[in-house]
Amino acid sequence: SACIASSADEFRLAMIAVEQTLKVTPSTTALADAQAAFHKAMDAWQVSEVMQVGPAAPSTAMGGGDLRDQIYSWPLTNRCAIEELLVSKGYEAGVGHLLINRRGLYALEYLLFYEGTETACPATSPIVSSGSWAALSPADRQVRRWVYAGKVAGDVRVHAESLVLAARVIRADGS
């Protein structure tokens, strides 16, 4: 349990760093800083990822709290849904209410690293059929990605803090 608490805290600290990098005006340098912070956070998460016990475990497991999926929903991902939120700005009021395939580390990775302009959405998606995705300039997409990424980073940090607290309770309890 000490190992779980320690790795969870390392991830929490890394997510604080990611969140801080996203509180500045977007620029090439700021993006590089956010990407570097994300890499460190993802490295820290990979240590915790293998410890899917206790609060990180699925709720179907004894003591499971589903926190892992709140942080990293892989392989449940949906790039099109993220792009639809970019168009609608559905992230502006926060992302905690969104389905897990629209937030978390996968969404953060896409928002920080994807450089293309094409969408993953099919022609039947409203953002494609209406032309709203194509109407967004690359600069508009980048600003929206930046804001969305900041919301996602904050949400992941909150879940990381919950994981740390739960791990500390387990450690103090000895169970």
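This short talk describes the helices, the packing and the side-chain links of one predicted protein model.

Good morning. I begin with how the model is to be read. It is a predicted model, in which local features need pLDDT of at least 70 and side-chain atom pairs count only at pLDDT 80 or more, while totals for chains, interfaces and linings use all residues. Residues are numbered from 1 along each chain as its sequence is written, and side-chain values use heavy atoms, with hydrogens and water left out.

Let us take the overall fold. The protein has 8 helices and 0 strands; here helices (H or I, at least four residues) and strands (E, at least two) are DSSP runs, numbered from the N terminus. Of its 175 residues, 47% count as buried. Buried means under 20% relative accessible area, exposed means over 50%, and partly exposed lies in between, with a 1.4 Å probe and protein chains only. A contact means heavy atoms within 4.5 Å. Among contacts between residues at least 6 apart in sequence, 75% join residues at least 24 apart.

I turn to helix 1, which covers residues 2–21. Its 20 residues reach 29 Å from the first C-alpha to the last, close to the 28 Å expected at 1.5 Å a residue; the expected span is 1.5 Å times one less than the number of residues. Buried residues of helix 1 include Ala5, Phe11, Met15 and Val18.

Thr21 also belongs to helix 1. Is Thr21 buried or exposed? Thr21 counts as buried, because its relative accessible area is 16%. A polar atom of the Thr21 side chain lies 2.6 Å from the backbone oxygen of Val18. Leaving out residues up to four places away in sequence, Thr21 touches Asp33, Ala34, Ala37 and Trp146.

The next topic is the interior. In soluble globular proteins, nonpolar side chains tend to be buried together. A nonpolar core is a set of buried Ala, Val, Leu, Ile, Met, Phe, Trp, Tyr and Cys residues joined through side-chain atoms within 4.5 Å. The largest such core has 47 residues, and Phe11, Met15, Leu22, Leu105, Leu108 and Tyr148 touch the most other members. Helix 1, helix 2 (28–49), helix 3 (67–71), helix 4, helix 5 and helix 8 each give two or more residues to this core. Leu22 is in contact with Ala34, Leu108, Leu112, Trp146, Ala149, Gly150 and Ala153, neighbours within four places in sequence being set aside.

Why is helix 5 described as largely enclosed by the rest of the structure? The reason is that 8 of its 10 residues are buried. Among them are Leu105, Tyr106, Leu108 and Tyr110.

I now come to the disulfide, which is a pair of cysteine sulfur atoms within 2.5 Å. The structure holds 1 disulfide. Cys80 and Cys121 form this link, with their sulfur atoms 2.1 Å apart. Cys80 lies in helix 4 (residues 79–88) and Cys121 in the loop between helix 5 (104–113) and helix 6 (126–129), so the pair ties together parts that are 41 residues apart in sequence. The link is right-handed, with 110 degrees about the S-S bond, and both cysteines are buried.

Charged side chains come next. Side chains of opposite charge can pair when their charged atoms come close. A salt bridge is a side-chain nitrogen of Lys or Arg within 4 Å of a carboxyl oxygen of Asp or Glu. How many salt bridges does the model contain? The count comes to 5.

Arg12 pairs with Asp9, their closest N and O atoms being 2.8 Å apart. Both residues lie in helix 1, 3 residues apart, about one turn of the helix, and both are buried.

Asp155 pairs with Arg103 at 3.3 Å between the closest N and O atoms. This pair links distant parts of the chain, with Asp155 in helix 8 and Arg103 in the loop between helix 4 and helix 5, 52 residues apart. Both Asp155 and Arg103 are buried.

Glu161 and Arg157 meet at 3.1 Å, N to O. They are separated by about one helical turn, because they are 4 residues apart in helix 8. Glu161 is partly exposed at 27% relative accessible area, whereas Arg157 counts as buried at 19%. Glu19, Arg157 and Glu161 are linked in a network of salt bridges.

Val158 counts as partly exposed, because its relative accessibility is 39%. Val158 and Gln70 are 88 residues apart in sequence and 9.8 Å apart in space, C-alpha to C-alpha. Thank you.

Methods. A polar contact is a pair of N or O atoms within 3.5 Å; within protein, one must be able to donate a hydrogen and the other to accept it, and residues adjacent in sequence count only if both atoms are side-chain atoms.
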